[in-house]
Amino acid sequence: MTPSRASRPDTRRRVPARRAVVIGGGISGLASAALLARDGFSVTLLEQRQQLGGRAGSWEQDGFRFDTGPSWYLMPEVFDHFFRLLGTSADEQMDLVRLDPGYRVYSEGHDEPIDLRADREANIALFESVEPGAGERMRKYLDSAEDTYAMAIRRFLYTSFQDLRTLAAPDVLRRLPKLARLLLQPLSTFAGSAVQDRRLWQVLGYPAVFLGTSPYAAPSMYHLMSHLDLADGVLYPKGGITEVIAAVERVARAEGVTITTGAAVERIVVADGHVTGVVHRDAQGEAHTVPADLVVSAADLRHTELELLDAEHRTYPAAHWEQRDPGPSAVLVYLGVDGPVPGLLHHTLVFTEDWKANFGAIFGRDRHVPDPASIYVCAPSETDATVAPEGASNLFLLVPLPADLSIGKGGIDGAGDAEVERIADRAIDVVAERAGVPDLRDRIRVRRTIGPQDFANDYNAWNGSMLGPAHTLRQSAFFREKNVSKRVDGLYYAGASTIPGIGLPMCLISAEVLIKRIHGDTSTEPLPTPLGAAV
């Protein structure tokens with residue numbers, strides 16, 4: 001899939017001794033810093049918290065270790081490609097385990113769960129066993145998903161959209177009628193053409209949540225997500241997603257990146273229309289200015305534009321964001337539990353019956369906390385003995401909600417705001433019922449909650465969004481906010497707020513697209529590996 005170096009412009013010519021500052025130590029900031037350093041920049045990364053990883057952080061208490069955010073490892077080739085750009089590989093950096101079953105689904109109104117398997121043929125057989133006739137339709141659905149995913153990798157994910165003529169490639173032009181249908185038809189409708197059983201339809205529609213939107217609003221282009229979980233399968237890095245962050249940090253430091261934590265950025269300094277530095281305040285409150293020829297903000301883009309730049313330097317002013325969708329927030333619940341929870345797999349989804357009401361509450365006009373709510377549960381202790389004491393279970397619950405700061409913040413041992421703790425209690429009771437563990441509450445040894453206000457406080461997230469701007473049609477691909485300032489030379493963006501979008505793989509790709517943008521590389525495919533040395 002990676003073209004030869006001779007088939008594309010040489011993007012590796014570097015200007016020596018240029019100084020770059022990266023704002024934000026999440027995965028996109030770390031990856032951007034690593035690639036910039038590889039490309040010849042002297043790089044300083046500034047992270048406001050003491051811990052790296054952003055939303056993909058970690059928290060420990062009483063022998064339990066929790067991933068605080070992302071927990072699915074999908075698109076493994078994206079991770080491997082990133083590491084190969086830096087002369088290593090995902091297998092060299094992490095211990096990856098394939099989950100089989102990949103995940104379990106409980107659906108309201110049905111007593112028995114459905115377990116999704118680790119490979120395509122097993123899942124086709126599963127769909128057929130649930131709904132006779134669905135197997136062959138799923139074969140075509142997954143063929144389409146695979147084809148659409150491959151095209152997205154070739155044409156839409158690894159590009160800055162600087163030159164839209166690059167999209168007029170023969171493989172895109174041949175698919176224009178199909179692409180038009182996939183862009184204009186919602187995922188919910190497209191999934192309904194493959195299956196009628198509500199449980200199977202929900203399996204096909206739920207990936208919209210990974211995109212920060214609803215299956216009723218996500219373009220059916222995103223049925224490509226079903227190729228990832230139903231055909232490629234789900235992997236798990238031993239130790240948790242925090243090991244992914246540790247690996248990206250390792251390669252960044254190996255490339256010479258200077259990482260400063262406890263550095264709260266207050267201002268991007270601009271002189272004569274060009275960035276000249278970044279002002280940050282350390283943990284003692286002392287202000288520092290780091291000189292820069294190039295600045296990359298991997299922080300929330302709305303925060304960057306409205307809080308770190310003066311009004312005349314903003315590409316996306318306040319009025320712009322009034323017309324955009326921040327995506328959903330969530331209440332997260334971390335539980336350390338005595339004993340096993342036998343009804344759960346590593347990944348378990350608990351779906352409500354009335355999705356119209358559930359997603360309408362989160363994304364509709366009258367936004368409110370859904371009740372009942374669909375719930376995601378991660379039980380990594382089912383796979384990894386290092387995340388909980390012997391004989392105990394590590395549980396992570398996620399309840400999708402509207403991005404609404406008034407819902408409040410979480411806390412430890414029930415000390416969060418009342419609404420957050422109420423939502424958590426309700427979710428715990430639902431999981432206890434579906435997993436067949438009626439005494440789950442009594443067995444809780446460690447409890448912590450996170451609410452929308454925490455996302456805003458800790459990550460400067462717009463309206464407390466848990467993921468970033470939703471992948472609706474108006475906020476996808478070339479309609480999404482670009483990764484370069486129109487007002488300030490030398491100012492670039494990376495991460496979930498910009499192209500290509502939300503999720504760990506997309507954030508890694510955003511770092512590569514950043515390098516392309518800096519070099520004026522308008523190609524659409526992944527860069528050759530490894531990223532070349534100076535010439």
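**Entry 1. Basis of the notes**

I am working with a predicted model, in which local features need pLDDT of at least 70, side-chain atom pairs count only at pLDDT 80 or more, and totals for chains, interfaces and linings use all residues. Residues are numbered from 1 along each chain as its sequence is written, and side-chain values use heavy atoms, with hydrogens and water left out.

**Entry 2. Cavities**

I noted the rule for cavities and pockets. On a 1 Å grid over the protein atoms alone, a cavity is a set of points where a 1.4 Å probe fits but cannot get out, whereas a pocket is an open set with protein on both sides within 12 Å along at least five of seven lines; lining residues have an atom within 4 Å of a point. Grid points are joined across faces, edges and corners, and a volume is the space filled by probe spheres set on the points.

I found about 120 Å³ of space in the largest cavity. Its lining has 14 residues, and Phe 66, Asp 67, Cys 378, Pro 380 and Asn 394 are the closest to its centre. Strand S4 (64–67) and S17 each supply at least two residues of this lining, and the largest share, three residues, comes from S4. Helices (H or I, at least four residues) and strands (E, at least two) are DSSP runs, numbered from the N terminus. I divided the lining of the largest cavity into six nonpolar, six polar and two charged residues. In this scheme Ala, Val, Leu, Ile, Met, Phe, Trp, Tyr, Cys and Pro count as nonpolar, Asp, Glu, Lys and Arg as charged, and the others, Gly among them, as polar.

The second largest cavity holds about 90 Å³ of space. Among the residues that line the second largest cavity I listed Val 369, Asp 371, Leu 401, Arg 422, Arg 426 and Val 430. S17 and helix H16 (418–435) are the elements that give two or more residues to this lining, and H16 gives the most, with five. By class, the lining of the second largest cavity has nine nonpolar, no polar and three charged residues.

**Entry 3. The second largest pocket**

I then turned to the second largest pocket, where about 210 Å³ of space lies. Its lining includes Glu 108, Gly 109, Phe 351, Arg 426, Val 430 and Arg 434. S15 and H16 give two or more residues to the lining of this pocket, with H16 giving the most, four residues. I recorded five nonpolar, two polar and four charged residues in the lining of the second largest pocket.

**Entry 4. Helix H15**

Which residues of helix H15 (residues 355–363) are buried? I found Trp 355, Asn 358, Phe 359, Ala 361, Ile 362 and Phe 363. Buried means under 20% relative accessible area, exposed over 50%, partly exposed in between (1.4 Å probe, protein chains only). The cover over the buried residues of H15 includes helix H9 (198–205), helix H10 (207–210), strand S15 (347–351) and strand S17 (392–401); the contact behind this means heavy atoms within 4.5 Å. At the start of H15, a side-chain oxygen of Asp 354 reaches to within 3.3 Å of the backbone nitrogen of Lys 356. Such a polar contact is a pair of N or O atoms within 3.5 Å; within protein, one must be able to donate a hydrogen and the other to accept it, and residues adjacent in sequence count only if both atoms are side-chain atoms.

**Entry 5. Arg 175**

Arg 175 is found in the loop between helix H6 (170–174) and helix H7 (176–184). Why does Arg 175 count as buried? Arg 175 counts as buried because its relative accessibility is 16%. A polar atom of its side chain lies 2.8 Å from the backbone oxygen of Asp 171. Not counting residues up to four places away in sequence, Arg 175 touches Asp 147, Met 151 and Arg 154.

**Entry 6. Helix H17**

In helix H17 (residues 452–459), I found Pro 452, Asp 454, Phe 455, Ala 456 and Tyr 459 buried. Strand S14 (329–338) and strand S18 (444–450) are included in what covers them. Just after H17, Asn 460 takes a positive phi of about 55 degrees.
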